[in-house]
Amino acid sequence: MKILVLNCGSSSIKYKLYNMDDESVLAQGGVERIGIDNAFIQVKLPDGTKKKIMRDLPTHKEGVQLVFECLTDPKIGAIKRLDEIDAVGHRIVQGGDIFNKSCIVTPEVEKGIESLIDLAPVHNKGHLAGIRAVDNLLPDKPQVTVFDNAFHSTMPDYAYLYAVPYELYTKYHVRRYGFHGTSHRYVSHRVAELEGKDIKDLKIITCHIGNGASLAAIKDGKVVDTSMGLTPLAGVMMGSRSGDIDPSAVTYIMEKLHMQPQEMADYLNKQSGVLGISGVSSDMRDVEQAAKDGNKMARLAETMYNYRIKKYIGSYAAVLNGVDVIVFTAGVGENQASMREGATDGLDYLGVKLDKELNKTVHGTETKISAPDSKVDVWVVPTDEEIVIARDTKELVEGLKK
C-alpha cells in the first residue's frame, strides 16, 4: 500500500509518499509560497540532493497538482501513475472537541474542520484547502484526517478547563486543547519500545522542543496534561512565542503600545520568546552561538528557555506522582545538548542524573542520555509525525475494505 501524507499550511504543502509494506519513504518535498510571488516546490531526491522548481501557484489546488506532477515525473518521480496512491493522509492542527481520533474524510468531516477555523484560522483553512484540492484531483481515493490535538483528548476536565465562566466552554469551546499530538504520541510509544516495557506501566514526560515547543504528561499511555492551550501560544517559552504570560500584562501592553487584538496576537506569536529577549534570532542555534560569544541577552534567553522547560517537567512529575522516563524530541530537543542539560539540571530530587559527556555527543539519534545510576531514564528520540499519519491512514483504509 502506498500512502501520501500531506501537511498543508496557509501557503505551503509538505509531503511524503510511503510504501507501507516496509514504511519506507519513496518521495518527499515541500511546496512554498502558495498564493504569493515566486512560488516553488523543492523535491528531495534519492541521493539526498534537492531540486527546486518554480511555478505560479495561486491556490492549494495548483500546489497539490504540482506535487502529483513531481511524484509521477519520469526523471524525479517515484511512481508511474497517480492511481498507485492508495490513500492520502492529512495532518489537521485543530480538531477541537469534535474530533478525538483520526477519521475517514466525509462531507461532514470537512464541515466539522471548517467549523473550527475560528480556533485555528491560519492552519485549518490551509488543511481544508488541501483536502478539497485532493477531492478535486483524486476524487476516488480515500482521505484520512489525523488531528494534532487528538492524542491530548484524554485529559480530564479539571486539566483542560480554564478558570473562567463555564459558559465560555459550552458556547465557544474555550479550553486547553494542546498540540504536537502526533509527535508526543510517536515518541511516547517509541520510548516504551526502547525501554522494553508496556507504555501503560510507565509515567512519561515528553518534551517536544522545536521552534514551537510543548510538553505532555503521560500515564497509562494517556495524556493527563499538556502545556499548550486553546492555541499553540501557551506553555513554555518558544522561538518567537511568549509562552505563558499574565493576561493582565497582555492588556497592559496593548494599552501602552496602542495595539488592536490581532496586532497583540502577532506580537506575542511572532516577536516574543527567544527572539524578543535575545534580539538575535528565534533559532536556538544562533542564540546558543551568540551566548558563547558573550552576548548577555542571548545568555539570558537561553537561561529563561531552559528554566521554563525544567519548571514544566517538575510540575508534570507532581501531576504524575513521579516520573519513569523523560523524552526530548524535535529540532532543539534532538540536537541541542546545552538545552537538555540546562532543563534537567537541578532535578536531583526526582532522581534525574544526566550523563553529561554522552549528552554532548548526541544529535538526532535514539539514545539514552541518563547516567547508569539515574532513577529516571532520559532519552533523545527523533520524532516522526508523518509515519503516525501514514499508519492511521493505512489502518482506517484497510478497515473500509472489511
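In which sense do strand 13 and strand 14 pair, and over how many bridges? Strand 13 (residues 367–368) pairs with strand 14 in the antiparallel sense, over two bridges. The model is predicted: local features need pLDDT of at least 70, side-chain atom pairs count only at pLDDT 80 or more, and totals for chains, interfaces and linings use all residues. Residues are numbered from 1 along each chain as its sequence is written, and side-chain values use heavy atoms, with hydrogens and water left out.

**Strand 14 and its partners**

- Helices (H or I, at least four residues) and strands (E, at least two) are DSSP runs numbered from the N terminus, and two strands pair if DSSP finds at least two bridges between them.
- Strand 12 (residues 325–329) runs parallel to strand 14 and is joined to it by four bridges; here Val 327 stands opposite Trp 379.
- In a regular strand, side chains alternate between the two faces of the sheet.
- Within strand 14 (residues 377–380), Asp 377 and Trp 379 point one way, Val 378 and Val 380 point the other way, and all are buried.
- Buried means under 20% relative accessible area, exposed means over 50%, and partly exposed lies in between (1.4 Å probe, protein chains only).

**Glu 288**

- Glu 288 lies in helix 10 (residues 284–292) and is buried, because its relative accessible area is 18%.
- Apart from neighbours within four places in sequence, Glu 288 is in contact with Glu 302, Gln 336 and Ser 338, where contact means heavy atoms within 4.5 Å.
- The side chains of Glu 288 and Gln 336 are joined by a polar contact of 3.2 Å.
- A polar contact is a pair of N or O atoms within 3.5 Å; within protein, one must be able to donate a hydrogen and the other to accept it, and residues adjacent in sequence count only if both atoms are side-chain atoms.
- Ala 217 is 71 residues from Glu 288 in sequence and 28 Å away in space, C-alpha to C-alpha.

**Ser 278**

- Ser 278 belongs to helix 9 (residues 273–278) and counts as buried because its relative accessibility is 7%.
- The Ser 278 side chain reaches the backbone oxygen of Val 274 at 2.8 Å and the backbone nitrogen of Val 280 at 3.0 Å.
- Leaving aside neighbours within four places in sequence, Ser 278 is in contact with Val 287, Met 297, Ala 298 and Ala 301.
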